[in-house]
Amino acid sequence: MIEELKEAIRNLNPKFLGVRIIKIISFKKLGVGEGNINYIFKIGNKNFICRVNIDKHVPNKSDKEYNFLKKVEKLGIAPKVFYLHKKDKMFPLGFIILEF
């Protein structure tokens, strides 16, 4: 699963993450949350969190979290969210990418 996730990230438009090119320098599991797995990765000098939804009972959990974080972004009380991935053939789980 990790290699497929990394490939999905590599295929993103770099503008989504505010970088010039997507070259992942490091990628490791950060921990498991309630219905998700969190990874930390680095591109250039920027660190990101990738939160993968593994909760089969709430398949649109990533969508809900992304939308909520976008709503409160201007308040400065939550991490900036950069990208929402809806499950597809390349990577069959939803995930979001946040600032670290």
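Modeller: Helices (H or I, at least four residues) and strands (E, at least two) are DSSP runs, numbered from the N terminus. The model is predicted, so local features need pLDDT of at least 70 and side-chain atom pairs count only at pLDDT 80 or more, while totals for chains, interfaces and linings use all residues. Residues are numbered from 1 along each chain as its sequence is written, and side-chain values use heavy atoms, without hydrogens and water.

The chain holds three helices and five strands, and their order along the sequence is α-α-β-β-β-α-β-β. The radius of gyration, taken over C-alpha atoms, is 13 Å, close to the 13 Å from the globule rule for 100 residues, so the chain is as compact as a globular protein of that length. That rule is 2.2 Å times the number of residues to the power 0.38. Along the principal axes, the C-alpha atoms fill a box of roughly 35 × 35 × 25 Å.

Now the pairing itself, where two strands pair if DSSP finds at least two bridges between them. Strand S1 covers residues 24-33 and strand S2 residues 36-43; the two run antiparallel and are joined by eight bridges. Within this pair, Ser26 faces Lys42 of S2. S1 and S2 make a hairpin with two residues between the strands, and there Gly35 has a positive phi near 85°.

On to the next strand: S2 also pairs with S3 (residues 46-53), again through eight bridges and in the antiparallel sense. Phe41 has Phe48 of S3 as its bridge partner. Here too there is a hairpin, with two residues between S2 and S3, and Gly44 in the turn takes a positive phi of about 60°.

S3 in turn is joined to S5 (residues 95-99) by five bridges, with the two strands antiparallel. Cys50 is paired at a bridge with Ile97 in S5. Asp88 is partly exposed at a relative accessible area of 38%, on a scale where buried means under 20%, exposed over 50% and partly exposed in between (1.4 Å probe, protein chains only). Between the C-alpha atoms of Asp88 and Ala8 the distance is 9.9 Å, although 80 residues separate them along the chain.

Lys6, in helix H1 (residues 2-10), is buried at 16% relative accessibility. Leaving out residues up to four places away in sequence, Lys6 touches Ile24 and Phe27, where a contact means heavy atoms within 4.5 Å. Both of these partners fall in the span of S1, residues 24-33. Arg20 sits in the loop that leads from helix H2 (14-17) to S1, and with 74% relative accessibility it is exposed. Its C-alpha lies 14 Å from that of Ile9, 11 residues away in sequence.

For the chain as a whole, 39% of the 100 residues are buried. Of the contacts with a separation of 6 or more, 40% involve residues 24 or more positions apart.
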